[in-house]
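Welcome! Let us walk through this protein together, one feature at a time.

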Amino acid sequence: MYCAGTIVSVKYIVMVFNVNHYCLDTGHHLFVSASLESFNALITLLRWSWTTINKNISDMCLPYSQKNFYMDLSKKDTSSICELKRLMFISKSCFHLLRSYIHEIYPDQVEKIKLPETEALASCVVEVRQLLQKILSDIRPLEVLKNVDRIFIDNKGSEVVKIMKCIKWLNQILNECHMTFVSCYHAFYPTPHLKLYSLWELLMDKKNTDHKNKLLTAVVAALCNTTYRLRELMPILKPTKLDKSGSSDQDHQYYYPLLVNATTSAAHNSLKNEPNWEVLLTHLLDIIGLPVRNVILNSKKPDNDLKSLSTNCSHLIARVVAELSSQATLSEDGTEIVNEREILLTTPSRFAKINQTKTWNAGNGSPDAICFCVDRAGIAIAGCGVFAGIGNYEFELELLVEKKQLEFDEPHGNRWKSLIVTRGSFGPDDSAMNYVADLKFDHPIRIKERVKYAIRLRNYGGRTNNGDMGLSCVKGHDNTLFSFNTCSLSLNGTTQSRGNINMIYNFKLISNFKLPFVSNSHDKNCDFERKVCNKLKARESTLSLLKTVVEKSMELINMSIEKLKKDPLVYKYLGESAIVNVLLPLVLAHIGPLTSFSKDAKSAIHVLELINKLLPAVTSINLYSANKLDVMYKDLSDKLDGSKQFGKFKSSKTEIRDSKCTTTSHHYAWVESDHPYTAATVSNYKVKFPKEVKWLCLEFDPRSCTAQTEDSLQLYIPNYRDYSDDDNKHVVTTPYIPVLKKFSNDPMEWPFAAVMLPGNEVMFSLETASDYLKNDRISRFGFRCLVIGYEVEELSKYQALGYGLVHLETELSFLGGMCVSTLLKCDIILPNNDSTHGLEQGSVSVADQVYAKHSGLLKKGFALAPFLNIQQVMDGVLPLR
């Protein structure tokens with residue numbers, strides 16, 4: 001046990017060895033740290049080894065245009081093969097040392113800087129970059145690897161084995177060069193300006209693009225792993241000239257000035273056009289769809305380099321979408337944009353101290369109330385945050401306004417007028433952070449400046465937390481000042497200094513200001529409006545990017561549908577492509593929060609329209625391929641195995657269809673500790689189902705809990721990730737890995753809903769310490785859990801060909817359901833017509849008088865234009881005849 005025992009400390013000594021000087025047998029010093037001599041030696045050695053490799057390849061292989069391309073290798077001596085193996089080890093060692101030296105001088109994190117830079121070392125880094133670019137874009141290895149299929153045609157037996165070894169070593173050298181380039185990319189291109197131009201220059205190069213695929217793959221892979229935000233690096237939300245934007249290259253010149261000067265002077269940025277995001281996106285999408293396009297148009301099988309490049313470009317676009325969606329949806333500083341006109345804000349807590357002992361009595365409906373007013377117009381109250389406890393609560397929330405003196409019914413009558421009342425319930429799942437529950441009205445209520453309002457809460461339930469040391473004024477994130485006062489409606493103890501009502505949720509009208517990207521003011525209001533406009537711009541860019549991706553995908557799918565009738569293998573290549581397996585699933589997953597977490601109905605409708613275009617095409621190609629391939633499989637089985645085998649296939653298909661309708665499982669197991677559990681022990685409980693089980697569902701008993709923090713339950717699953725790359729064998733390093741967090745004495749930490757875990761095995765580890773509390777009232781139940789195993793239907797050979805398309809259809813359906821769920825929410829914020837906000841009270845009274853006299857004119861309703869589309873409704877447009 002690590003939390004109890006009698007062993008206090010461990011005595012140990014440190015062994016010190018003298019490792020100052022080590023020498024090679026040749027008399028040369030072994031460089032253990034980066035220096036100018038080590039760089040020059042490694043660069044010279046790597047350049048020589050690569051030149052020799054190219055020479056050996058040229059000697060072993062005749063020009064690829066001849067028929068006996070690989071025939072000459074069988075006549076060569078094995079010395080060339082042995083020399084190539086030695087060169088492989090030399091090259092890999094050079095790459096390893098170069099990575100370590102560059103990271104020692106120019107680490108990827110500024111905090112790790114140890115050695116001062118010099119002009120000579122900066123020039124060496126530039127020389128290393130140019131050498132790696134030359135290796136990755138060399139045309140001779142490309143020609144050798146491109147014709148690898150002819151090995152089995154022109155050679156036999158041991159000759160094929162020798163050639164395959166040479167090609168394997170050549171691939172290892174190129175892969176090591178790729179890893180070195182990606183790892184040192186931060187030093188090769190130290191500024192955002194250079195990073196952007198490194199990608200732009202390769203994409204704009206129209207000459208001999210095939211042999212530069214490896215170099216472009218390395219650049220794109222490095223950008224996917226960069227520490228910079230791609231939404232700031234790419235020219236999406238701001239101009240391309242970074243010296244005019246908020247984050248320029250001057251920050252990086254401060255850390256590595258000599259390296260920046262060396263890389264800038266060596267860069268060939270002689271392009272006439274400035275980088276443009278639309279052009280970048282178009283080229284990246286063309287590269288992603290190129291493997292499938294080659295199969296459809298030219299019946300050309302995609303090579304590995306192009307597939308790797310397509311996958312990395314997909315990850316790059318997906319990361320851009322993830323960053324844009326995160327900027328548009330995450331509530332930074334308590335703000336949440338719900339549409340183009342209004343933003344949801346949260347005031348800071350009006351209490352300086354939170355009492356978490358749960359001693360505040362809800363009073364069985366006795367009202368808690370607080371008065372407040374704001375100092376500016378354009379504010380709408382959406383709800384408030386109140387403290388909660390462990391159990392469930394029924395509430396009634398009301399917003400009131402103080403009447404004017406002329407509105408009193410009698411001298412001592414009620415001075416408050418109710419504006420809106422909402423009722424509902426909340427529980428532990430609604431109050432995860434500091435036991436604060438969000439209570440919102442059915443719709444926001446616009447309030448006036450410097451007018452006293454009151455929020456009254458009637459709560460029915462157990463005891464809750466409360467706040468102390470209340471503040472009289474708090475300032476929102478938009479600098480709106482909220483002033484609080486004690487309210488006469490409060491009968492349960494809530495005052496200005498303490499109480500249960502913690503914060504207020506309000507909307508602010510944002511349609512009156514424009515995008516302030518060029519403002520040089522340092523006013524807090526300008527900063528806030530700039531953040532809001534950046535969120536709006538990020539939302540527009542995200543939806544525009546999604547539209548472009550869907551349109552490109554539709555082009556490929558439509559082309560595939562036409563070609564599929566002639567060549568069924570198109571379904572295989574389309575299902576295995578990066579655009580189906582990587583790009584679309586990741587983009588749809590990152591778009592989900594934009595439609596569900598926020599309440600922007602307009603974005604949800606926009607996404608639904610795109611799904612309406614893409615989903616029918618994906619479904620039709622899946623249905624056609626399923627029927628076509630099933631028929632082909634049946635005919636083939638009938639010809640090969642006869643009618644008996646066909647009957648077996650038919651019955652198995654019937655069983656599969658029946659299993660699709662079955663949602664129950666035959667694999668159940670109850671796991672529980674002793675009740676009460678034993679102290680100062682470690683108990684492991686293991687559940688393992690047959691291999692057919694692919695998912696586990698865990699349901700904990702509500703009584704599961706421990707007595708003290710030191711007593712905890714940890715879940716473990718097998719470590720499925722420890723596999724070697726060469727032979728795909730399991731490597732036992734860590735047999736089990738922990739999942740979820742530890743569950744201890746806090747009932748709120750235990751899962752209330754079912755937990756899904758992958759695999760067919762799970763282990764429960766209950767670790768308990770000595771019972772030092774000695775309190776009989778505390779629950780020592782331990783845990784009790786029901787484990788259910790679910791089998792997953794095994795796909796047939798032909799179903800597995802296009803699994804990517806089947807998975808894409810599921811993703812599209814799920815995202816469409818999220819959009820519909822957003823539109824069905826009762827608290828969704830629909831846009832209002834700005835013209836109605838400017839109506840004065842006199843205009844409203846005149847309209848009431850006209851309606852009272854001529855109400856018969858509206859018996860048949862408003863004369864609206866026919867077929868009003870959803871976009872007009874979301875824009876608040878009501879066209880009258």
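## A network of salt bridges

Asp-701 is buried, since its relative accessible area is 14%; buried means under 20%, exposed over 50%, and partly exposed in between, using a 1.4 Å probe and protein chains only. Before going on, please note that this is a predicted model, in which local features need pLDDT of at least 70 and side-chain atom pairs count only at pLDDT 80 or more, while totals for chains, interfaces and linings use all residues. Residues are numbered from 1 along each chain as its sequence is written, and side-chain values use heavy atoms, leaving out hydrogens and water.

Which residue does Asp-701 meet in a salt bridge? Its partner is Arg-784, at 3.7 Å from N to O; a salt bridge is a side-chain nitrogen of Lys or Arg within 4 Å of a carboxyl oxygen of Asp or Glu. The two residues are 83 apart in the chain: Asp-701 sits in the loop between β16 (693-700) and β17 (712-718), and Arg-784 in strand β21 (residues 784-791). Helices (H or I, at least four residues) and strands (E, at least two) are DSSP runs, numbered from the N terminus. Arg-784 is partly exposed, at 22% relative accessibility. Through shared partners, salt bridges join Glu-672, Asp-701, Arg-703 and Arg-784 into one network.

## Two further pairs

The whole structure has 15 salt bridges. One of them joins Glu-127 and Arg-47, at 3.2 Å from N to O.

Glu-396 and Arg-423 form another salt bridge, with their closest N and O atoms 3.0 Å apart. Here strand β6 (residues 393-402) holds Glu-396 and strand β7 (residues 416-426) holds Arg-423.

## The nonpolar cores

Now for the inside. The largest nonpolar core has 115 residues, and Phe-181, Leu-199 and Met-234 have the most contacts within it. Such a core is a set of buried Ala, Val, Leu, Ile, Met, Phe, Trp, Tyr and Cys residues joined through side-chain atoms within 4.5 Å. Another core, of 28 residues, lies apart from it and includes Val-374 and Phe-482.

## The whole protein

How many helices and strands does the protein have? There are 23 helices and 21 strands. Of its 881 residues, 44% count as buried.
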